[in-house]
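Look at the sequence and the model first, then read on.

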Amino acid sequence: MSHVARVDLTIADLDALDLELTEGFAGQARRVRDAGEHQYYAGAKTACAHKMVVEGTRYELGLVARGDGKGFQVQYDPWDGSADRLFGRGLSKLKDQYGARVTERRLTREGYDVRRSYNDAGKLQVRAFAR
């Protein structure tokens with residue numbers, strides 16, 4: 001049986017999410033604004049404000065407005081593993097890359113040159129340099 005899981009990830013910067021989906025995930029996913037609902041197991045749907053559509057998957061990821069008004073929480077159906085293949089188990093890769101994008105945007109606005117890289121252990125790093 002399938003279910004919708006809520007992920008421990010708050011999306012507060014929709015523009016950063018859009019950039020990361022386009023650049024970081026090579027356009028394999030996109031956000032649909034004001035979607036109203038997203039699809040999961042067997043065509044079932046549940047309410048959301050926006051959704052993410054991933055190429056080659058049957059299910060969509062919903063962005064549900066948080067009760068405190070501070071962004072959106074991600075929910076999705078992990079049953080067939082299709083979203084996890086692109087975004088990492090439990091959406092770990094999406095969490096890391098979205099967080100890096102938000103950090104890069106903030107540091108760039110503050111006047112730093114920013115570079116993203118991976119260390120020897122394969123962990124994502126964001127490095128900032130004074131201009």
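Asp-77 sits in the loop between E7 and helix H2 (82–87). Helices (H or I, at least four residues) and strands (E, at least two) are DSSP runs, numbered from the N terminus. Asp-77 is buried at 2% relative accessibility. Buried means under 20% relative accessible area, exposed over 50%, and partly exposed in between (1.4 Å probe, protein chains only).

The side chain of Asp-77 reaches two backbone nitrogens: a polar atom of it lies 3.3 Å from that of Tyr-41, and the side chain is 2.9 Å from that of Trp-79. A polar contact is a pair of N or O atoms within 3.5 Å; within protein, one must be able to donate a hydrogen and the other to accept it, and residues adjacent in sequence count only if both atoms are side-chain atoms.

## Basis of the model

This is a predicted model: local features need pLDDT of at least 70, side-chain atom pairs count only at pLDDT 80 or more, and totals for chains, interfaces and linings use all residues. Residues are numbered from 1 along each chain as its sequence is written, and side-chain values use heavy atoms, with hydrogens and water left out.

## Aromatic pairs

How many aromatic pairs does the rule count? The count comes to two. Rings of Phe, Tyr and Trp (its six-membered ring) pair if their centres lie within 6.5 Å; planes under 30 degrees apart count as stacked, over 60 as edge-to-face and the rest as tilted. Phe-25 and Phe-87 form an edge-to-face pair, 4.9 Å centre to centre with 80° between the planes. Phe-25 lies in the loop between H1 and E2 and Phe-87 in helix H2, so the pair ties together parts that are 62 residues apart in sequence. Phe-25 is buried at 2% relative accessible area. Phe-87 is buried too, at 0%.

Tyr-41 and Trp-79 make another edge-to-face pair, with centres 5.7 Å apart and planes at 70°. This pair links distant parts of the chain, 38 residues apart: Tyr-41 is in the loop between strand E3 (36–39) and strand E4 (45–48), and Trp-79 is in the loop between E7 and H2. Tyr-41 is partly exposed, at 37% relative accessibility.

## The sheet and its helices

Five strands form an open antiparallel sheet, in the order E1-E7-E6-E5-E2. Strand E1 (5–11) and strand E2 (29–32) are at the edges with a single partner strand each, so one side of each has no neighbour in the sheet. The twist averages 25° from one strand to the next. Two strands pair if DSSP finds at least two bridges between them. Three bridges join strand E5 (residues 50–54) to strand E6 (residues 61–65), and these run antiparallel. Lys-51 stands opposite Gly-62 in E6.

Helix H1 (residues 14–24) packs on the sheet and touches E1, E2, E5, E6 and strand E7 (72–76); its direction makes about 150° with that of E2. Helix H3 (residues 92–109) also packs on the sheet, touching E1 and E5, and its direction makes about 10° with that of E1. Axes are lines fitted to C-alpha atoms, for helices over the stretch in contact, and angles run from 0 to 180 degrees between N-to-C directions. Contact means heavy atoms within 4.5 Å.

## Helix H3

The 18 residues of H3 should span 26 Å at 1.5 Å a residue; the end C-alpha atoms are 26 Å apart, which agrees. The expected span is 1.5 Å times one less than the number of residues. Buried residues of H3 include Leu-94, Tyr-98, Arg-101 and Leu-107. Their cover includes E1, H1, E5, H2, strand E8 (112–118) and strand E9 (124–130). Gly-111 follows H3, with a positive phi near 95°.

Arg-31 lies in strand E2. Is Arg-31 buried or exposed? Arg-31 counts as buried, at 10% relative accessibility. Its side chain makes polar contacts with the side chains of Asp-18, at 2.8 Å, and His-50, at 3.5 Å. Not counting residues up to four places away in sequence, Arg-31 touches several residues, among them Leu-17, Leu-21, Met-52 and Leu-63.

Leu-86 is in helix H2 and is buried at 12% relative accessibility. Leaving aside neighbours within four places in sequence, Leu-86 contacts Phe-25, Gln-28, Ala-29, Val-54 and Lys-93. Leu-86 and Gln-125 are 39 residues apart in sequence and 19 Å apart in space, C-alpha to C-alpha.
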